[in-house]
Amino acid sequence: MAAVATVSGLVAAGVLSGAGTAVAEGIPQTEGGATATINGLKTYGEAVIHGDGGDQQVAAGLFEMSVDGGGTLQTYCVDLHNPTQRDARYQETSWSGTSLGTNKDAGRIHWILQNSYPQVNDLAALARKAGTRGLTEQDAAAGTQVAIWRYSDGAEVDAVDPQAEKLADYLEKSARSVAEPRPSLTLDPPAVSGRPGGLLGPVTVHTNAGAVTVSPPADAATSGVRIVDKTGKVITSAKDGSELYFDVPGDEAGGAAHAVAGGEGTAELTVQASTTVPVGRAFAAESRSQTQILAGSSESTVAATATAAWAAQGAVPAVSARENCAKSGVDITAANKGDRPFTFGLMGAEHTIPAGATRTVTVPLQEDQAYDFTITGPHGFSRRFTGVLDCRTQGAITTETARLRNEPSPATVGGTPVDSTDLAATGGSAITPMIAGVAIGLVVIGGAVLVVLRRKETRTGD
C-alpha cells in the first residue's frame with residue numbers, strides 16, 4: 001500500500017527563484033463547457049463480462065448527471081474496470097484528454113450513441129433494426145452500453161437479456177467512424193498577455209450555442225479593464241467565432257490597476273450560455289472516477305473562462321495547460337509577450353521562452369498519477385494546475401477480482417456496486433488483485449502464527 005501511495009503521489013513543479021510570491025489558486029484542467037455531478041446509474045439492465053478469472057455479472061446502462069447552473073445529462077461509461085465515485089464532479093473535455101484520444105474505435109462509439117437509445121427513443125423502430133421482438137428502456141440502455149464497452153475497453157461482454165444482446169450485436173456490427181463532436185463552449189487561447197495601454201488577445205469563442213453572455217472582470221469598475229471587439233466596442237454577448245479582447249488602460253488613463261500595481265496586473269473574463277451539449281462529448285472526473293461519454297442532454301448551462309496578464313516591461317507570460325493522453329502527460333503552453341525571456345523550471349528542467357515566442361512543454365506522468373504544478377514569474381505572476389491523469393482503461397478481470405465482486409451484493413457497473421455507501425470502496429481496478437493477495441497472505445501468516453503459539457503452549461504444559 002505504501003508503494004502505491006508513492007506512485008500516486010503529487011508531482012510538484014515551480015519556477016526560478018526571485019519570482020513573485022503570490023498564492024496561486026488550484027485550477028483543474030478544464031477547457032470550458034459543462035460541469036456536472038454524477039447522480040448514479042438510472043436506466044440499466046444486466047451484462048456478463050467474461051475474463052480469465054471467470055464470469056462477472058454487472059449492471060449496464062445510462063448514468064445521470066446534474067449540471068452546475070441547471071440541466072441534466074445522460075452518459076454511458078467508457079472505462080469499464082474503474083470505479084465510479086459517488087457524487088464525483090465531471091468536466092466536459094476533448095477526447096484527447098481521455099482514453100478515447102488513443103482509441104482507434106472512438107468514432108464508432110460516437111456512431112453508436114447517435115444511432116441508439118436515448119437519441120433513438122422509438123424503441124419499436126430500434127428493435128426492428130436490431131431484429132428483436134421488442135425492447136424496453138432497460139434493454140435498450142443495457143444493449144447500448146455493452147456495444148460501447150466492446151469498443152471502449154475491448155471487453156468480451158454480453159447482455160443477459162436476449163433482446164438487449166441482439167441490440168448490442170447489431171450496434172457493434174453496424175458502427176462506423178464518426179468525427180469527434182465540437183465542444184459546447186470553449187475559449188481559445190485560455191490565457192493571453194501583453195502591454196497595458198492596448199488590446200490583449202484575441203480570445204476566440206467556440207460554441208454550438210446561438211449566443212453567449214460575456215461577463216467582464218469582477219474588478220472592472222476599479223481596474224478600468226473592458227472586454228471589447230477589435231474596434232474597441234464593449235461586448236456583452238458573443239457567438240461562435242467571435243473574437244474578444246481585454247482592453248487594458250495605460251498609465252495615462254489613470255487606471256486603478258496601474259496606480260496600485262505600477263502598470264502590471266491580471267484579469268479574467270467569463271462567457272456563459274444555455275445549450276444542449278453535443279452527443280459524444282467526453283466527461284472526465286476531477287477525482288479518480290470512471291470516464292463517461294455523453295448520450296443525451298437537456299438545455300444546460302455551459303461556461304468558459306480566459307485570463308490576461310500585463311506588465312509595462314520585462315517578460316509577460318501567459319500560461320495554460322491541458323492533458324494529452326497521446327503523450328501520457330500534461331501539455332504546459334507558455335507564451336511570452338514581453339521584451340525579455342521568460343524562464344521557468346518544471347520537473348527539474350529549466351525552460352526559456354524568448355520574447356515574443358510560444359512554447360509547449362509536455363510533462364510526462366504515470367497513469368492515475370495526481371499532479372500539482374505551480375508556475376510563477378515576474379510581477380507576481382503565478383498559475384497552479386491540478387488534476388489526475390486518466391488516459392487508459394484498466395486490464396482484465398482476475399480470479400480474485402471476480403470472487404470479490406461476485407459476493408452477494410447489489411448489481412454493479414464498472415466493477416462498482418450501484419447502491420453501495422461508498423461506490424469507490426468496492427470498485428475494481430488494477431490494484432484489486434494486489435489488495436486481495438495481501439489480505440490472503442496476512443490470513444495465512446496469521447494462521448501460521450496461531451499454530452506455532454498453540455504448539456508452544458502445548459510443550460509448556462507438558
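My entries follow, one topic at a time.

**Ground rules.** I am working with a predicted model, where local features need pLDDT of at least 70, side-chain atom pairs count only at pLDDT 80 or more, and totals for chains, interfaces and linings use all residues. Residues are numbered from 1 along each chain as its sequence is written, and side-chain values use heavy atoms, with hydrogens and water left out.

**Open sheet.** I looked up a sheet and found four strands in the order β8-β10-β14-β12, open and paired antiparallel. Strands here are DSSP runs of E of at least two residues, helices are runs of H or I of at least four, and both are numbered from the N terminus. Two strands pair if DSSP finds at least two bridges between them. I noted β8 (185–188) and β12 (226–228) as the edges, each pairing on one side only. On average, neighbouring strands of this sheet are turned by 30° against each other, direction ignored. Between β12 and β14 (residues 243–248) I found three bridges, and Ile227 has Phe246 as its bridge partner in β14.

**Cores.** Which residues touch the most other members of the largest nonpolar core? I got Tyr76, Leu244, Phe246 and Val271, out of 83 residues in that core. Helix α4 (residues 137–152) gives the most to it, with eight residues. A nonpolar core means buried Ala, Val, Leu, Ile, Met, Phe, Trp, Tyr and Cys residues joined through side-chain atoms within 4.5 Å. Buried is under 20% relative accessible area, exposed over 50%, and partly exposed in between, using a 1.4 Å probe and protein chains only. I also found a second, separate core of 23 residues, which includes Val330, Phe342, Tyr371 and Phe385.

**Aromatic pair.** My search of the whole structure turned up two aromatic pairs. One of them is Tyr371 with Phe373, stacked at 5.3 Å centre to centre and 20° between the planes. Rings of Phe, Tyr and Trp (its six-membered ring) pair if their centres lie within 6.5 Å; planes under 30 degrees apart are stacked, over 60 edge-to-face, and the rest tilted. Tyr371 has 1% relative accessibility, so I put it down as buried. Phe373 has 0%, so that one is buried too.

**Strand β9.** How do the residues of β9 (residues 191–194) point? Ala191 and Ser193 go one way, Val192 and Gly194 the other, and all are buried. I saw β9 pair with β18 (residues 300–310) in the parallel sense over four bridges, with Ala191 opposite Thr307.

Definitions and conventions: Axes are lines fitted to C-alpha atoms, for helices over the stretch in contact, and angles run from 0 to 180 degrees between N-to-C directions.
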